[in-house]
Amino acid sequence: MKIFQQTLDLPQKRRGFHIITYEVIEAMPQLHDIKTGICQVFIQHTSASLSINENADPTVRQDFEMYFNKAVPENDPDYRHDDEGPDDMPAHLKAAMLGCSVTIPIRNGRLALGTWQGIYLCEHRNHGGTRRLIITAWGE
């Protein structure tokens, strides 16, 4: 079994949902060495998350942002953790809801995503800064 691991630092992105599939693939050229396996992408942050969803129509990503802003509003007076501003605790809640990693099968040296699937960086902060991912791929 082969195991490969890379880190990927994504530059700061505006708040919202961003397709990062290409960046992940570029950061892990060793995918080509795996015929059958698994790729895990993990984000080392608590106020941003990862997801897999629609990669074609940008309105899907806009609707995600709208939905999560309604589901987890800012300035809730019951929040106690607001040291970094009104988007602080909502960002942590959104990240917990979506998760910190995605797992994708590898088939014939490529991520086996569906035709309309892409990897999202879900940036929940107004000024989240650089985001670090750890990409691990293993298989035969």
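I started with Ala 95, which lies in helix α3, residues 88-98. Helices here are DSSP runs of H or I with at least four residues, strands are runs of E with at least two, and both are numbered from the N terminus. This is a predicted model, where local features need pLDDT of at least 70, side-chain atom pairs count only at pLDDT 80 or more, and totals for chains, interfaces and linings use all residues. Residues are numbered from 1 along each chain as its sequence is written, and side-chain values use heavy atoms, with hydrogens and water left out.

**Ala 95.** I looked up its cover: Ala 95 has a relative accessible area of 8%, so it is buried (under 20% is buried, over 50% exposed, in between partly exposed; 1.4 Å probe, protein chains only). Leaving aside residues up to four places away in sequence, Ala 95 touches Thr 46, Ser 47, Ala 48, Ser 49 and His 124 (contact means heavy atoms within 4.5 Å). I also checked Gln 117, 22 residues apart from Ala 95 along the chain; their C-alpha atoms are separated by 20 Å.

**Asp 88.** I stayed in helix α3, where Asp 88 lies too. Asp 88 comes out buried because its relative accessible area is 1%. A polar atom of the Asp 88 side chain lies 3.5 Å from the backbone nitrogen of Asp 83. Not counting residues up to four places away in sequence, Asp 88 touches His 81, Asp 82, Asp 83 and Arg 125.

**Rings.** Next I went through the aromatic pairs, and the structure holds six (rings of Phe, Tyr and Trp, the last by its six-membered ring, with centres within 6.5 Å; planes under 30 degrees apart are stacked, over 60 edge-to-face, the rest tilted). One of them is Phe 64 with Tyr 120, edge-to-face at 5.7 Å centre to centre and 75° between the planes. That pair links distant parts of the chain, 56 residues apart: Phe 64 is in helix α2 (residues 58-71) and Tyr 120 in strand β7 (residues 117-123). Phe 64 is buried at 18% relative accessible area, and Tyr 120 is buried at 0%. I then noted Tyr 67 and Phe 68: their ring centres are 5.3 Å apart and the planes at 90°, so this pair is edge-to-face. Tyr 67 is partly exposed at 47%, while Phe 68 is buried at 8%. Ring pairs join Phe 17, Phe 64, Tyr 67, Phe 68 and Tyr 120 into a cluster.

**Trp 138.** Last, I found Trp 138 in strand β8, residues 131-139. Its relative accessibility is 30%, so Trp 138 counts as partly exposed.

Note on methods:
A polar contact is a pair of N or O atoms within 3.5 Å; within protein, one must be able to donate a hydrogen and the other to accept it, and residues adjacent in sequence count only if both atoms are side-chain atoms.
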